[in-house]
Every structure is written in C-alpha cells, then in structure tokens.
Amino acid sequence: MSKATDFRAKTEDQLTEELGNLKREAFNLRFQAATSQLEKPSRVREVRRDIARIKTLQNERSRSSAK
C-alpha cells in the first residue's frame with residue numbers, strides 16, 4: 001500500500017508525467033509479450049495497477065476541487 005501513499009505525495013504534474021511513463025512501459029511490455037521476450041510477466045500487472053492508482057487519485061482530486 002506504500003505505492004498509493006507515494007502517489008498521494010506527488011503533485012498533479014508529477015502524476016501526469018508518471019502516468020505517461022507507465023503507459024509507455026505498458027506499451028513496451030505488450031510488445032515484449034507478443035514476441036515472447038517478456039522476462040517478468042508480473043510486471044504487466046504491476047504497471048496496470050499503478051496506472052489505475054494514478055487515474056483514481058487524479059479523479060479523486062478533480063472531484064474534490066469541483067465541490
């Protein structure tokens with residue numbers, strides 16, 4: 001659960017940058033999986049979950065600022 005607290009400490013710009021990096025990594029992992037070069041299959045799941053964590057946090061922040 002330390003990932004969520006790490007993400008909460010970051011600013012909106014840092015989260016957007018991290019999201020871009022994770023999406024790029026997910027893209028590369030998909031290609032590695034398709035060509036059977038994926039060394040660590042569990043990393044795909046970790047990246048997907050980190051992307052979801054960031055999007056959830058961004059959504060929470062946008063909803064709280066809208067009120």
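## Arginine 8 and glutamate 60

Arginine 8 counts as partly exposed, at 48% relative accessibility (buried means under 20% relative accessible area, exposed over 50%, and partly exposed in between, with a 1.4 Å probe and protein chains only). Glutamate 60 is also partly exposed, at 37%. The two side chains meet in a salt bridge, at 3.2 Å from N to O. Arginine 8 lies in helix α1 (residues 2-8) and glutamate 60 in helix α3 (residues 42-66), so this pair ties together parts that are 52 residues apart in sequence.

## Basis of the model

This is a predicted model, in which local features need pLDDT of at least 70 and side-chain atom pairs count only at pLDDT 80 or more, while totals for chains, interfaces and linings use all residues. Residues are numbered from 1 along each chain as its sequence is written, and side-chain values use heavy atoms, with hydrogens and water left out.

A salt bridge is a side-chain nitrogen of Lys or Arg within 4 Å of a carboxyl oxygen of Asp or Glu. Helices (H or I, at least four residues) are DSSP runs, numbered from the N terminus. The whole structure holds 7 salt bridges.

## Glutamate 12 and arginine 61

Glutamate 12 and arginine 61 form a salt bridge at 3.8 Å, N to O. Glutamate 12 belongs to helix α2 (residues 12-34) and arginine 61 to helix α3, so the pair ties together parts 49 residues apart in sequence. Glutamate 12 is partly exposed at 35%, and arginine 61 is partly exposed at 24%.

Aspartate 50 is buried, with a relative accessible area of 4%, whereas arginine 53 is partly exposed at 34%. Their closest N and O atoms are 2.7 Å apart, in a salt bridge. Both residues lie in helix α3, 3 residues apart, about one turn of the helix. Salt bridges link Lys3, Asp50 and Arg53 in a network.

How values were computed
Helices (H or I, at least four residues) and strands (E, at least two) are DSSP runs, numbered from the N terminus.
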